Amino acid sequence: MIYTVTCNPSLDYRMELETLRPGKTNRAQTTALAAGGKGLNVSAVLHTLGVESRALGFAAGFVGEEIQRRMEEMGCCCQFVQLPSGCSRINVKLQAGDTDTEMNAPGPDIPAEAQAALETQLAQLQDGDTLVLAGSLPDSMPKTTYGSWLAKLTEKNIQTVVDTAGEPLLHTLAHRPFLIKPNHHELGALFNVSITTQEQAADYGQKLRARGAQNVLVSMSSKGAILCAEDGSVYIQPPAKGQLIHAVGAGDSMIAGFLAGWLRTGSYAEALHLGAAAGAATAFSPVLGNRDAIEAIAQNLPMPQRMA
């Protein structure tokens with residue numbers, strides 16, 4: 001079973017405007033509500049690809065109830081820890097012309113007893129399970145949290161995936177996560193450099209492998225993706241062709257596609273290929289990419305090649 005963890009899920013309220021006029025009354029042309037959060041996105045895209053998962057995390061108040069309702073309405077299983085107070089966050093996504101503006105709330109505090117309850121859930125994972133830790137940590141949780149959770153699972157044969165940035169990611173490397181997925185901006189920030197080429201992404205991805213990560217998947221937007229694989233090889237995935245609508249959830253979709261491809265084939269190239277198709281399907285859609293869109297893109301997307 002695949003388990004995804006989203007510590008700070010949200011209800012995302014997307015509004016589309018012709019133009020954004022700061023300081024003025026703005027009226028949206030279209031609006032949409034959706035459950036948000038990186039781990040939830042991974043679960044949703046896994047579901048559309050026919051791979052079941054269980055979404056873990058924290059939920060609070062009426063917003064938390066609506067997040068869970070929407071996930072279950074899509075067919076995803078949720079086992080959230082319900083917080084005794086507070087309210088899960090509502091994030092506002094404004095699209096005005098070619099410009100996306102996001103306003104993200106901080107979310108509720110996570111008390112110690114709720115954190116302990118989630119750790120109890122994680123302790124029940126079995127050999128052969130996969131755990132995806134995705135997204136930022138609330139301010140009320142230590143930056144070492146993901147690393148601490150992985151440390152407690154090292155005696156089990158659990159495949160772990162980490163998709164976060166900065167210090168929380170670095171604390172997981174010693175516990176040899178199966179996959180980490182920084183984008184090229186996040187990868188550069190870890191080393192205080194600007195990464196603009198595939199060669200640079202491969203070089204710094206290998207540095208993270210040397211620090212413990214088994215596989216490093218670097219998304220590079222219009223430049224495709226790079227996979228630094230556990231066997232030492234590096235794969236280059238060309239980008240898909242299409243019209244970018246919004247990038248929210250594209251990286252999460254890439255992780256879902258990679259996992260689905262890996263479970264089906266055990267091939268780095270096939271996993272990277274399906275991951276790139278899933279990411280593109282979301283980037284080219286106003287919502288998360290569906291199975292038909294993912295498969296259509298995959299048919300036309302070149303297979304990745306090994307870097308010489």
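Q: So are α9 and α10 parallel or oblique to each other?
A: They are oblique to each other. That word covers what is left after under 35 degrees (roughly parallel), over 145 (roughly antiparallel) and 65 to 115 (roughly perpendicular).

Q: What's the angle, and how far apart are the axes?
A: Helix α9 (residues 268-283) and helix α10 (residues 291-300) pack at about 125°, with their axes 8 Å apart. An axis here is a line fitted to C-alpha atoms, for helices over the stretch in contact, and angles run from 0 to 180 degrees between N-to-C directions. Helices (H or I, at least four residues) and strands (E, at least two) are DSSP runs, numbered from the N terminus.

Q: Which residues meet there?
A: From α9 you have His273, Leu274, Ala277, Ala278, Ala280 and Ala281, and they meet Ala293, Ile294, Ile297 and Ala298 of α10. By class, that contact has nine nonpolar residues, one polar and no charged ones. Nonpolar is Ala, Val, Leu, Ile, Met, Phe, Trp, Tyr, Cys and Pro; charged is Asp, Glu, Lys and Arg; the others, Gly among them, are polar. Contact means heavy atoms within 4.5 Å.

Q: Wait, where do these numbers come from?
A: This is a predicted model, so local features need pLDDT of at least 70 and side-chain atom pairs count only at pLDDT 80 or more, while totals for chains, interfaces and linings use all residues. Residues are numbered from 1 along each chain as its sequence is written, and side-chain values use heavy atoms, with hydrogens and water left out.

Q: OK, zooming out: how many helices and strands are there?
A: The protein chain has 10 helices and 15 strands.

Q: And how much of the chain is buried?
A: Of its 308 residues, 52% count as buried. Buried is under 20% relative accessible area, exposed is over 50%, and partly exposed is in between (1.4 Å probe, protein chains only).

Q: New topic: is tyrosine 3 buried or exposed?
A: Tyrosine 3 is buried, with a relative accessible area of 11%. This residue lies in strand β1 (residues 2-6).

Q: What does tyrosine 3 touch?
A: Not counting residues up to four places away in sequence, tyrosine 3 touches Arg54, Leu56, Leu125, Asp129, Thr130, Leu131 and Val132. Also, tyrosine 3 and alanine 55 are 52 residues apart in sequence but 5.9 Å apart in space, C-alpha to C-alpha.

Q: And where's asparagine 8?
A: Asparagine 8 is in the loop between β1 and β2 (10-17). At 7% relative accessibility, asparagine 8 counts as buried.
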